[in-house]
Amino acid sequence: MTGGESAPRLALRALEKRYGSQRALAGVSLALAGGTIHGLLGENGAGKSTLVRIVAGALAPDGGTMAIDGESVPFGGARAARAAGIGVVFQHFALVGALSVAENLFLGRPEAQARVITPARLAAEARDLAERHGIAIGDPAARVDTLPVGAQARVEILRALSARVRILLLDEPTAVLTPGEIAELFTILRRLRAEGVLVVLITHKLGEALDVCDTVTVMRAGRVVATLPADGASPASLATLMVGGIEDAIPGADAAEPASAAPGRASALALRDVCTRPGVGRVALDHITLDVAAGEICGVAGVDGNGQDELAAALYGLLPRAGEVRVGATAVASADVGAAQRAGLALIPGDRRRDGLALRLAIWENVLLSQPLLARATHRGLLDVDEARRDATELAREYRVVYQDVDQPIGDLSGGNQQRVVIGRALATTPAALIAVNPTRGLDIGASAQVHATLRRIAATGTAVLLVSTDLDELHTLCARLFVLYRGALRGPVERGEGARLAALMAGIAS
C-alpha cells in the first residue's frame, strides 16, 4: 500500500468454484472496505450464496485467495472464519430446533464451553445480548422449532453478532421480516458500520439495497458484472445489470391489473368455519370463512406467525381441522392430503426445504412427490422411471430450472431453482385451486416476475388462487381482494388504497 492507503477489510482474488461442468464462480475478485455496507446482487444461481459460503468457511473454493485487513487468511472452515472475525447469517437458518433460543445463541462458543452455565444464567446472558443489539427474541427458554420463521431470523442474526465481528455476511436476512423489523435491522447494520464493521448484504430487494448500502456489486453467471456506488443507482439500472434488461422484471414496471374473478363465476375454493386446535408453536385458526372464485387471485396478508402456515396445512390436509373445505363441488376430508390432491387442490408451501422437498432425493424423484404426477408415470402399478425423468426434464425446461442432470440431488440446486421445481410440480396438472404461501420469498426480481406471470396465467385458465404472502407489494400487484390474518382470525376485506386500515389490521388494532 502507498500514500497512506489502508488495506481493504476483505480482499478476494480470482475465486473459483465448480460443480461438475457448472462454473459457480468464475474468477471473482472483490476489495471491500471496513465501515461500509456492501450489497451483493444478482439472480438466483449468479453465485452470491456460493461466494458467502466460501468466505464463511462453509465451502472450500477450487482456487483463489482471501485476505482480511491485508493479512492472508486460509480457507480453513467455519471455526477458522469465526476466529478471523467473520459472522454469517445464511439464507437457510443453521439453528438447532430442539434447543432453546439461549442455547442456540451460545452454541459452539468457546467461552460458553469453558465454564459451567446454568439455564437461568444462559437466559440472562441472552437477554443482555439482545438488549445490547436491540433485537427482540422473546422468551430465551423457548425451543427454536416452536418459533415463527421471523423470530428464528432474529435469533440467527443475533447469534452472528454474539462474537465480535469484523465482517458480517447476511444472505437474504429480510426475506422473512416485517417492515418494522427490517427498519430495526437496518438501524443495527448502520450502527455496526459506524463501529468499523464491513457488512455484506445479499438481497433481491433493490429498494432495500439502495436504502442501506454504500456500494453494490452485481453478479451474473458466477462473474462480477459491476461494482458501483449505491448513490445514483436506480432499481431499473440494477435490474438491467442483473437480468440483462428484462423490462417486466423491474419493480413497478408490471402494469397488469390484479386478477379478479369474472362476474358470475362460481366459488372454486370454499372455506366454512375452518378451525384448528392450538398446539406448541402453533396458532389456532378461528372460524375462517372465505370463498375464492374460479379465475380469482385472492390475497391474505399478515405478519409471519399469525396462522399462515396453519391455514395452508389445514386446507391441504397436513393438519386436522374442523369446518368445511370444498374445491368446486367436492368436499375435502380433514387431514387427507390425497383427498385434497384428488379434488384438484395444489400447494406451494412457505418453506420449500422443510415442507416441499426431499433434499437428498433426485430432482425427478421430487417431481413425483405429487399424487397426480406419480399416477401419470405409473402404469399397471409399476413406475416408468424413464418417463418420470422425461417429465422432470420437461418441467425443468418450462420453468427454467438451472441444473446439471435430473438425477442430481435437489438439495444441490440454488434456492431459486428449488422453488421453480416446487412451483412447476404444483401447477403441472392445472389445479382447480392453488394455495401459494410466499411463493417469491428469496427469489430474485427476474424469478419473481416469472412467478407472478405464472400465477396470472393459471388464474386466467380458471384456477382459484389463494395467495398468502407477507409481501404487501406482491399482494397489491396480484390481488383484487385482500384479507388479513391476525392471530388465526381472518379480517377484511380491505379495499385497494386502504393502506392505513391494512396496517392497523395487521397490527391487531382494528377490526
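Does Thr-463 count as buried or exposed, and at what relative accessibility? Thr-463 counts as buried, because its relative accessibility is 1%. Buried means under 20% relative accessible area, exposed means over 50%, and partly exposed lies in between (1.4 Å probe, protein chains only).

This is a predicted model, in which local features need pLDDT of at least 70 and side-chain atom pairs count only at pLDDT 80 or more, while totals for chains, interfaces and linings use all residues. Residues are numbered from 1 along each chain as its sequence is written, and side-chain values use heavy atoms, with hydrogens and water left out.

Stay with Thr-463 for a moment. Thr-463 sits in the loop between helix H17 (445-460) and strand E20 (464-468). Helices (H or I, at least four residues) and strands (E, at least two) are DSSP runs, numbered from the N terminus. Leaving out residues up to four places away in sequence, Thr-463 touches Ala-294, Gly-295, Glu-296, Thr-430, Pro-431, Ala-432, Ala-433, Leu-434 and Ile-458. Contact here means heavy atoms within 4.5 Å.

Now turn to helix H19. H19 covers residues 499-507, and its buried residues are Leu-502, Ala-504, Leu-505 and Met-506. These buried residues pack against strand E13 (297-301), helix H18 (472-478), strand E21 (481-486) and strand E22 (489-494). Gly-508 follows H19, with a positive phi near 80°.

Next come the empty spaces. Rolling a probe the size of a water molecule over the atoms shows where empty space is left. A cavity is a set of points, on a 1 Å grid over the protein atoms alone, where a 1.4 Å probe fits but cannot get out; lining residues have an atom within 4 Å of a point. Grid points are joined across faces, edges and corners, and a volume is the space filled by probe spheres set on the points. The structure holds five cavities of 30 Å³ or more.

The largest cavity holds about 80 Å³ of space. Helix H6 (149-160) and helix H7 (179-194) each supply at least two of its lining residues. H7 gives the largest share, four residues. The lining has six nonpolar, one polar and three charged residues. Ala, Val, Leu, Ile, Met, Phe, Trp, Tyr, Cys and Pro count as nonpolar, Asp, Glu, Lys and Arg as charged, and the others, Gly among them, as polar.

The second largest cavity has a volume of about 60 Å³. Its lining has 10 nonpolar residues, no polar and no charged ones. Among them are Leu-10, Leu-30, Val-52 and Val-200. H1 provides the largest share, three residues.

Finally, look at charge. Side chains of opposite charge can pair when their charged atoms come close. In a salt bridge, a side-chain nitrogen of Lys or Arg lies within 4 Å of a carboxyl oxygen of Asp or Glu. The structure holds 17 salt bridges.

Asp-291 forms one with Arg-272, with the closest N and O atoms 2.9 Å apart. This pair links distant parts of the chain: Asp-291 is in strand E12 (residues 288-293) and Arg-272 in strand E11 (residues 267-275), 19 residues apart. Asp-291 is partly exposed at 28% relative accessibility, and Arg-272 is partly exposed at 33%.

Arg-397 and Glu-394 form another, with the closest N and O atoms 2.5 Å apart. Both lie in helix H15 (residues 385-398), three residues apart, about one turn of the helix. Arg-397 is exposed at 54% relative accessibility, whereas Glu-394 is partly exposed at 38%.

Notes:
1 Å grid on protein atoms, 1.4 Å probe; cavity = no way out; pocket = protein on both sides within 12 Å on 5 of 7 lines; lining within 4 Å.
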